[in-house]
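Here are some notes to read alongside the model. Please keep the structure open as you go through the points.

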Amino acid sequence: MHDHVRTPDGRLLRVEISGDPRGRPVFLLHGMPGSRVGPRPRSMFLYQCGTRLISYDRPGYGGSDRKPGRRVVDVAQDVATVADALGLDRFAVAGRSGGAPHALACAALMPERVTRAAALVGLAPRDAEGLDWFAGMAPSNVNEFKTAFTDPERFVARLIPRSAAIRNDPAWLLEELRRELTDDDRRIVSDNTIRSMLLRNYIEALRQSPYGWIDDALALTGDWGFDPADIEVPVMLWHGAKDVFSPASHASWLAARIPRATAVLEPTAAHFAALRALPKVFRWLLADPPD
């Protein structure tokens, strides 16, 4: 088991592996803010479907060293480094929320290694032609992303104390989001198991610093470094029609441009419903016979 993997530029990445140690590998890329201990399918499910789940803290989160100025595309090198350390030639990749564009980056940059990719409740590039990027987005996210894009110094100055408050009381973030959640999302995050998982996730994400979250937001609103239209591998785009944190129009835009995309739009679901969808998504990821 590898707890840490060192990258070619000398950084350490904190890695966690769960599920069947002899199962087919799937990377799960966490949300924002998030960490390697974030929401995932239950261990029993992972064993039943023969899955070896690999998660790691993106730079600046949890136990991973920061990579200042990172772009979304940079995730591919880190995932490749972890896969090499584990002796994995081929693997599937899934990303939820802020992790979804990073999963697409892996698919775009590593078609010879990524078998399938899934992007759940993700975003489209900030410069997506023909997309009203903020339409249907909750005011809190509009404010956060607009500030990150137009005034990054102000964004950093605001997020540092906010991160400190969440680190001291992670339930504060859920309470902050509650007024913008749908009834279905409120029920999901009120489930004791999911709530405990989310709180643990937020604490670990911000344990060392706020810069994983800061760098994620800047990367998502900046130049991703790749074109989703160049993705050659099969991709599932899962989205809830009622999502106000990542509007479903973003998934529609991506589906129209990724050649081998399968779009799944759940009409009554919102953002946190992606947690319930993970088992179904994992079955799709592993539908192809192993090489």
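**Notes on the fold and some local features**

1. A138 is found in the loop between β6 and α4. Helices (H or I, at least four residues) and strands (E, at least two) are DSSP runs, numbered from the N terminus. A138 is buried, with a relative accessible area of 5%. Here buried means under 20% relative accessible area, exposed over 50%, and partly exposed in between (1.4 Å probe, protein chains only). Leaving out residues up to four places away in sequence, A138 touches E180, V244 and F245. Contact means heavy atoms within 4.5 Å. L181 is 43 residues from A138 in sequence, yet the two are 9.3 Å apart in space, C-alpha to C-alpha.

2. A word on the basis. This is a predicted model, in which local features need pLDDT of at least 70 and side-chain atom pairs count only at pLDDT 80 or more, while totals for chains, interfaces and linings use all residues. Residues are numbered from 1 along each chain as its sequence is written, and side-chain values use heavy atoms, with hydrogens and water left out.

3. Next, the sheet. Eight strands form an open sheet with mixed pairing, in the order β1-β2-β4-β3-β5-β6-β7-β8. At its edges are β1 (4–6) and β8 (261–266), each pairing on one side only. From one strand to the next, the twist averages 25 degrees. Two strands pair if DSSP finds at least two bridges between them. Strands of a sheet pair through backbone hydrogen bonds, either parallel or antiparallel.

4. Strand β7 deserves a look. Four bridges join β6 (residues 114–120) to β7 (residues 235–240), and these strands run parallel. Within β7, W238 is the bridge partner of L120, and M236 is that of A118. β7 also pairs with β8 in the parallel sense, over six bridges. There, H239 has L265 of β8 as its bridge partner.

5. How many residues of β7 are buried? Six of its six residues are, and the strand is mostly covered. V235, L237 and H239 point one way from β7, whereas M236, W238 and G240 point the other way.

6. Helix α3 (residues 100–109) lies across β3 (24–29), β5 (91–96), β6 and β7, and runs at about 160 degrees to β6. Helix α11 (residues 274–285) packs on the sheet and touches β3, β4 (51–56), β5, β6, β7 and β8. The direction of α11 also makes about 160 degrees with that of β6. Axes are lines fitted to C-alpha atoms, for helices over the stretch in contact, and angles run from 0 to 180 degrees between N-to-C directions.

7. Which residues of α11 are buried? They are A274, L275, A277, L278, V281, F282, W284 and L285. Seen down the axis of α11, these buried residues fall within an arc of 150 degrees, so they line one face of the helix. The arc is that of the directions from the helix axis to the C-beta atoms.

8. Now a helix pair. Helix α6 (residues 171–178) and helix α8 (residues 192–205) pack at an angle of about 115 degrees, their axes 9 Å apart. α6 and α8 are therefore roughly perpendicular to each other. Angles under 35 degrees count as roughly parallel, over 145 as roughly antiparallel, 65 to 115 as roughly perpendicular and the rest as oblique. From α6, the contact uses A171, L173, L174, E175 and R178; from α8, R195, L198, L199 and Y202. By class, that contact has six nonpolar, no polar and three charged residues. Ala, Val, Leu, Ile, Met, Phe, Trp, Tyr, Cys and Pro count as nonpolar, Asp, Glu, Lys and Arg as charged, and the others, Gly among them, as polar.

9. The loop between β3 and α1 (43–48) holds H30. At 7% relative accessibility, H30 counts as buried. Beyond residues up to four places away in sequence, H30 touches S35, R36, Y56, D57, R58, Y61, R96, G98 and G99. P33 is found in the loop between β3 and α1. A cis peptide bond joins M32 and P33, with omega about -5 degrees.

10. Finally, check two backbone angles. S97, in the loop between β5 and α3, has a phi near 60 degrees, a positive value in a residue other than glycine. V121 is not a glycine either, yet has a positive phi of about 45 degrees. V121 lies in the loop between β6 and α4. Both count as buried: S97 at 13% relative accessibility, V121 at 0%.
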